[in-house]
Amino acid sequence: MKVVLQNLTKIFPGRNKKVREEVIAVNDFTFEIPDGKLIGLLGPSGCGKSTTLYMISGLQKPTAGKIFFGDDDVTELSAENRGVGLVFQNYALYPHMTVKQNILFPLQNLRGADKLSKEEMLERAENAARLVQIDTLMDRKPSELSGGQQQRVAIARALVKMPKVLLLDEPLSNLDARLRLQTREEIRRIQKETGITTIFVTHDQEEAMSISDMIVVMKEGVIQQIGQPQEVYDDPTNLFVAKFLGTPPINVFEGRVEGGRLFVGADAVLDVPGVADQAVTVGIRPEGFVPDENGPLVCALNSVEVMGRDVSVVSTHPAAQVPAIRSIINTDGGLPTGAVVRYSLKPRKVLLFSKADESRIRFEVK
Ligand code: ATP
């Protein structure tokens, strides 16, 4: 099921009657979620992710704009009649019911033409349980399950009604690091197997990047960029997006362009043909640094951290906006030693931004 948001806006009125301090939680969202895809809504706390999800679910009414499922305008339709499955951060299972009863519960409330026989309900519940691999735990109570298993029950409960659209609001937040990783891969598998259009809300960029077909990066209720995760990482539209994606994060420097050359402090680091002379903000991805004894970027070496497969070099530079520059390097040439480490830069990993509005300034990479 394709989902289309058209100029979707949500304004919450201020609570203080004397001073109007309304919040524009979602500001004029327009985008299309193709059928069968998994979309990650991504952004810092308070950027409007959950509000967007609740409007799609029907739990909140938009202030303006429209929502379509396929060609049907569902903006005025109640949550029950939209055919969406919702999974929240806190699994909210019924503690006194078994896993099976929890999964069956949404089916028992179906009325009219949707009403199912007992056998049909059981079959559906068993199918959903099998899909999320909890079919052997059907007689347990939620308190007898791990966090990851409880979240699977919550997903099974959302899937059992065969929703047209599955909405997941920070579904992994309550899980520990290893379970998060495992469960996010499970969600991806389940989504692929069922082909249900899925919208996944998270503030964790790595999580969104790893499982989404497309990510939507948001800031203060405004969409910053929509695209495939790698595309957005490689080609961010502004400094906010560049900073938000990537671990370790992008390294940011004060720079200037003079005569088609990019300077970081006193170091002329790169040719940037076609860019007018100006002060710029320079972002360099951690993987963009190549240790090179004749390299133009001269940094003071702080430490070398070996993190499993990767080697991260921590250094400083007078023009850096961050206290520590983190570069992930290839160690074929040995580990850097001494007081100074010099780098040449991979041009595609160097991103320039306008000082005026933080938008991207692109240059041709030869
Ligand atoms: P988080 O990651 O912290 O859950 P979010 O991106 O999901 O954040 P929302 O919950 O959608 O953000 O909130 C967006 C903005 O709308 C915030 O500024 C929030 O304070 C405000 N807001 C949300 N719900 C209400 C409400 N019922 N009344 C007033 N303001 C609200």
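Contact, as the word is used in these legends, means heavy atoms within 4.5 Å.

**Figure 1. Overview of the predicted chain.** The structure shown is a predicted model. Among contacts in the chain with a separation of 6 or more, 67% are made by residues 24 or more positions apart. The chain has 366 residues, and 49% of them count as buried. Its secondary structure consists of eight helices and 21 strands. The C-alpha trace spans about 75 × 50 × 45 Å along its principal axes. The accessible surface of the chain comes to about 17,800 Å², and carbon and sulfur atoms account for 49% of that surface.

**Figure 2. The shell of residues around the ligand.**

Figure 3. In the side chain of Ser45, an N or O atom is 2.6 Å from an oxygen atom of the ligand. For Gly46, a polar backbone atom is 2.8 Å from an oxygen atom of the ligand. For Cys47, a polar backbone atom is 3.0 Å from an oxygen atom of the ligand. Taken alone, the ligand exposes 630 Å², and the protein buries 61% of that area.

Figure 4. Are Cys47 and Cys299 buried or exposed? Cys47 has a relative accessible area of 2%, so it is buried. Cys299 also counts as buried, because its relative accessibility is 1%. The cut-off applied here is that buried means under 20% relative accessible area. A search of the whole structure finds zero disulfides.

**Figure 5. Gly40 in strand β3.** Gly40 has its place in strand β3, which comprises residues 38–42. Its relative accessibility is 0%, and Gly40 therefore counts as buried. Which residues does Gly40 touch, not counting residues up to four places away in sequence? They are Phe200, Ser212, Met214, Ile215 and Val216. Gly40 and Leu53 are 13 residues apart along the chain, and 11 Å separates their C-alpha atoms.

**Figure 6. Asn102 and the buried residues of helix α2.** Asn102 lies in helix α2, which runs over residues 99–108. With a relative accessibility of 0%, Asn102 counts as buried. A polar atom of the Asn102 side chain lies 3.3 Å from the backbone oxygen of Met97. When neighbours within four places in sequence are left aside, Asn102 is in contact with Leu93, Tyr94, Met97, Pro142, Val153 and Arg157. In α2, the buried residues are Val99, Asn102, Ile103, Leu104, Pro106 and Leu107. What covers these buried residues includes α3 (118–131) and α4.

**Figure 7. A cis peptide bond at Pro248.** The peptide bond from Thr247 to Pro248 is cis, with omega near -10°. Where is Pro248 placed? Pro248 is in the loop between α8 (239–244) and β11 (251–258).

**Figure 8. Two loop residues with positive phi.** Met162 is not a glycine, yet its phi is positive, at about 50°. The residue is found in the loop between α4 (147–159) and β7 (165–169). Because its relative accessibility is 57%, Met162 counts as exposed. Glu220 likewise is not a glycine and has a positive phi, of about 45°. The loop that holds Glu220 is between β9 (214–219) and β10 (222–227). Glu220 has a relative accessible area of 62%, so this residue is exposed. The cut-off behind both assignments is that exposed means over 50% relative accessible area.

Note on methods. Residues are numbered from 1 along each chain as its sequence is written. This is a predicted model: local features need pLDDT of at least 70, side-chain atom pairs count only at pLDDT 80 or more; totals for chains, interfaces and linings use all residues. Side-chain values use heavy atoms; hydrogens and water are left out. A polar contact is a pair of N or O atoms within 3.5 Å; within protein, one must be able to donate a hydrogen and the other to accept it, and residues adjacent in sequence count only if both atoms are side-chain atoms. Accessible areas come from the Shrake-Rupley method with a 1.4 Å probe; for residues, only the protein chains shown count as cover. A disulfide is a pair of cysteine sulfur atoms within 2.5 Å. Buried means under 20% relative accessible area, exposed over 50%, partly exposed in between (1.4 Å probe, protein chains only). Helices (H or I, at least four residues) and strands (E, at least two) are DSSP runs, numbered from the N terminus.
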